[in-house]
Amino acid sequence: MTRYAMVMDTRRCVGCDSCTVACMVHNELPLGIIFNPVITDGPKGVYPHVHMVHIPLLCMHCEETPCVHACPTGASQQDDDGIVWVEAAKCMGCGACVEACPYNARHKDRKSGVVLKCDFCKDRVRGGGNPHCVDTCHQRARIFGDLDDSTSEVFKIVNGMRTERLYEDLGTEPQVYYVIGLGGQEA
Amino acid sequence: MSKPPIDLNDPSIEACKSTCFFCHTNCGTIAYVKDGEVIRVEGDPDHSTNRGGLCSRGNIALKHLDHPDRINTPLKRKGEKGAGQWEEITWEQALDEIAERLKVIREESGAEALATCGGTVRTDDWARRRFMNLFGSPNSFHNALLCWIPTFMIETAVSGWSPFGADLDNARIAVLWGANPGASVLPTMRTLTDCQKKGMKLMVIDPRYTATAAHADLWVPLRPGSDLALALAWLNVIIGEYLYDEDFCRDYCTGFDELAEHVKQYTPQWAAPLTDLTPTQIRESARMYAKNKPGSIMWGTSMDQQGRASGAAIHARALIRAIMGNINVTGGDIQTGPGLEFMVDEEFECNDVLSEEQRAKQLGSDKYKLCTWPGYGLIRDIALDTWGAAPPSEWMCEANAPSVWRAILEGEPYRVRALICCATNPVNSYGDSKVVLEALKKVEFLVTCEYWMTSAALYADYVMPIAGALERPVIHNNYGCATVFHGGRRAISPLHDRGTDFQFWRGLGLRLGQDDEEDWPWECEEEAYFDIVYPTGLEIESYDEFVDEIGGSYSSDFNPNAWREEGFPTRSGKVELKSSVLEELGYPGLPTYVGAPEAHAEDPEVVESFPLILTTGGGFMPFHHSEEFNIKELRFLRPDPYFDINPETAQKLGIKKKDWCWIETMRGRIKQRACLTNGIAPNTIYTQRGWWYPERTLTPGEDDPFGVLESNTNVLTAASFEDCDPISGTWACRGLRCRVYKVQEGGAR
């Protein structure tokens, strides 16, 4: 089996927004809709004793999918490899999934009336490539791969290092893992 | 949602090794071309610079190519200058008429009455200089002085060639002194992060807690404009505590004893009030660099942008590296010399054609001697003696920009009557923008080579439509000063009636009596580039083949240990801590303290009226200089300009987050919005650079087209003759005095 996942190495991210723009341009997103923003947390503290970390986001491709459960038409789906996506033809734009998603990862497009979201660039990754946000990242802060493949980098990180997931207590079992640290020699 | 991947087996799709153009890093890209149309651009995973990565700018290549605001045909002014009324004409007609006008100006006022200015590495600079030398004018310039050129020339005056090739893989420490690659040169940031993981330490010296500083092992937040004081104090500590490389200083340097005596006065206690650092911070940062040997002090633009303190600061920094013996050692800073296995830019510039008489007329060369013909002439001779190749005169030997604006406005020492701007909007990028805009309005004959209508192009008599990255081949070779270069192919022919800068200079030259066999034997870039790469000896029959053969990057061999036997490429064969080249030009041989133009002002009236210290000029994503403000796929990230202010200061001034404020210096004021951050000292302000509002419609008689004076940080910067560095002529973007107050009149703008 294949189980796609992403690791965010926040020790390496510099908050350059390359991933955000690559996604937007290559997936031809309408202006105003962003699948993968990068949040700057800081500088925290009082000058000059400060620290700052950048947190890249995108759809968490949860194992337990409140969005799919909320969808009344079957447009929101999860495939066997874990990718959560929206079949536009079946979407009536009710927005139930947008409300259900705790990660703010779904966006209703006013023009087409359907909900848009990150699908891990599914056609691209199923052809053996990476999502655009991963390929474009100079810092290699986003790492993509198959958690069921014990030779993959994501497998090694998720099973070998301390990682965190966002809102873990909600029980959604997100498949995006964060390596948290101070950068520098730990990175 | 996602688009299907490109089917690489589709025989109708060509994957063309091309080059990104949106900063001078020139990352490798793959342009997928189908039926003469580029359908996708991605980072080239095999390119040594970016290894597949592309920043936000690199991702918008296709948006740039097809942007509705691109200028696609030559424009000739109708009506008044600045009225924005144009007639579309052919390249032939434009070149004929421009040439005719230049011919008359040369006959009446001499060739020096033509000046040309350029932008950041998206042009064939040698072609411009070749044209200018053949035309007979010494007045070619860039924004060179703000970006590396004073560093290169002063370091070359000290050690024979600037040691700018950092061997980070083997370094124990990298010092980033006023550099923020995390928001500018991402491939460098990646290398630094990778090396940190292997154990290298990273020190960032910067008034701002930047994306890069956030990753540093030590952040040294000095007062903007005090770099010279800090560098002199480092010399004092390193020598005073015997941390220097004694053998290297004895065997390979001149002037060490004098230097040691000279810097005794510059103690950490002396530097502390100037730098806003404690003596302990100064000592510990100096020790951290000195005790982690080998190490690198990487170049950043900061020291190039401090006006009259720049030259001495750069000199002092060069001496820190030298006395540590960190030149040309594994893990240190490496002098490569020029590439000897390919033609360097200088060999294409026809510098020998320009007479001594014309060289002497180069504007600013009487005052600022190192980066103009007097200093460049000395350095060129030494380099030619050593290698038979020299740094280019383009960039290293240019008319002094503030002097050119003055010559246009005041006719002193003579009137510049014609100006050609290529790949630059000087109003955004040169110091003291109001003066620059006046000069552009006033110059008798103005031509711009541009992608867009800008506040400079608006006043032009002719605007030439220029081809972008995908529409031309590229060679990037660090101005011909390194042994490495990168190259990319032309993905498609120029769209519409666009052309390249090479085509422009060649076309103009041929119409002004320059010869098509002798002077311009190449009809297109690929032919010229083939001559550049031919000496590599690779079995290639065209430039395109060369690019495919080398995979985008070429490295020429050099011997990093040559200095041990042959000495350094200076006249004495040693690193001249006390520089004979600087002395010959009439400058102090050792770096001597001088305050930045305003940061250390003593006039109590000035201090009271302008209580805060301003730093500006630092790059920020997703823009590059004044570019990309009109690309909506980037602009949405930063729709408005922001300045950084410490929350404590903001509170005192009644400024809240996102408030529109005036930032004012002695030269003028601009509006930006407040970003309250603890990443900056309470006495310091940072303004974003490059701002203009391309989305604004032009109204007739507009004094401030596209709002180019409204939020543009260069309205604030200082470029009077007294502000400029006597050695290099660079002006001051950092360490200025300012005041900040809320915009009161209704609305944001």
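Me: Which residues are buried in helix H17 of chain B?
Reply: This is a predicted model. In H17 (residues 433–442) of chain B, the buried residues are B:Ser433, B:Val435, B:Val436, B:Leu437, B:Ala439 and B:Leu440.

Me: What do the buried residues of H17(B) pack against?
Reply: They pack against three elements of chain B: helix H15 (401–410), helix H16 (426–429) and strand E16 (445–450).

Me: How is chain B split into domains?
Reply: The domain assignment gives domain 1 (13–65), domain 2 (75–144 + 356–471 + 491–524), domain 3 (163–334 + 572–584) and domain 4 (604–742).

Me: How far apart are the centres of domain 2 and domain 4 of chain B?
Reply: Taken over C-alpha atoms, the centres are separated by 28 Å. The contact takes 24 residues from domain 2 of chain B and 28 residues from domain 4 of chain B.

Me: Which helices supply the domain 2 side of that contact in chain B?
Reply: H16 and H17 of chain B each give at least two residues to the side of domain 2 that touches domain 4. By class, that side of domain 2 has 10 nonpolar, 11 polar and three charged residues.

Me: Back to strand E16 of chain B. Where does E16 sit in the sheet order?
Reply: The order is E5-E4-E17-E16-E15-E6-E7 (chain B), an open sheet of seven strands with mixed pairing. Its edge strands are E5 (85–88) and E7 (140–141) of chain B, each pairing on one side only.

Me: And E4 with E17, parallel or antiparallel?
Reply: Antiparallel: two bridges join E4 (residues 75–78) of chain B to E17 (residues 462–465) of chain B. B:Lys76 stands opposite B:Tyr462 in E17(B).

Me: Now helix H4 of chain B. How many of its residues are buried?
Reply: H4 (residues 149–159) of chain B has 11 of its 11 residues buried. Among them are B:Phe152, B:Met153 and B:Ile154, and also B:Glu155.

Me: What surrounds H4(B), then?
Reply: Its buried residues pack against helix H11 (310–323), helix H13 (373–387), helix H14 (393–396), strand E21 (575–576) and helix H22 (580–584) of chain B.

Me: What follows H4(B)?
Reply: B:Gly160 does, with a positive phi near 95°.

Me: Which residues touch the most other members of the largest nonpolar core?
Reply: B:Leu232, B:Leu235 and B:Ile238, in a core of 290 residues. Helix H6 (residues 227–240) of chain B gives the largest share of this core, 11 residues.

Me: What is B:Leu232 in contact with, leaving aside neighbours within four places in sequence?
Reply: B:Val263, B:Tyr266, B:Ala271, B:Ala316, B:Pro591 and B:Tyr593.

Me: Switching to chain A. What is its secondary structure?
Reply: Chain A has six helices and nine strands. Of its 187 residues, 46% count as buried.

Me: How many residues of chain A are in contact with chain B?
Reply: 39 residues of chain A are in contact with 46 residues of chain B. H1 (18–26), E2 (38–46), E3 (49–56), E7 (115–117) and H4 (122–126) of chain A each supply at least two residues of the chain A side. The largest share of that side, six residues, comes from H1(A).

Me: What classes of residue are on the side of chain A that touches chain B?
Reply: It has 17 nonpolar, 14 polar and eight charged residues.

How values were computed:
Residues are numbered from 1 along each chain as its sequence is written. Chains are lettered from A and ligands numbered from 1 in the order in which they are written. This is a predicted model: local features need pLDDT of at least 70, side-chain atom pairs count only at pLDDT 80 or more; totals for chains, interfaces and linings use all residues. Two residues are in contact if their C-beta atoms, placed from the backbone, lie within 7 Å. Helices (H or I, at least four residues) and strands (E, at least two) are DSSP runs, numbered from the N terminus. Ala, Val, Leu, Ile, Met, Phe, Trp, Tyr, Cys and Pro count as nonpolar, Asp, Glu, Lys and Arg as charged, and the others, Gly among them, as polar. A nonpolar core is a set of buried Ala, Val, Leu, Ile, Met, Phe, Trp, Tyr and Cys residues joined through C-beta atoms within 7 Å. A residue is buried if 20 or more other C-beta atoms lie within 10 Å of its own, exposed if 12 or fewer, and partly exposed in between; C-beta atoms are placed from the backbone. Domain bounds come from an automatic or database domain assignment. Two strands pair if DSSP finds at least two bridges between them.
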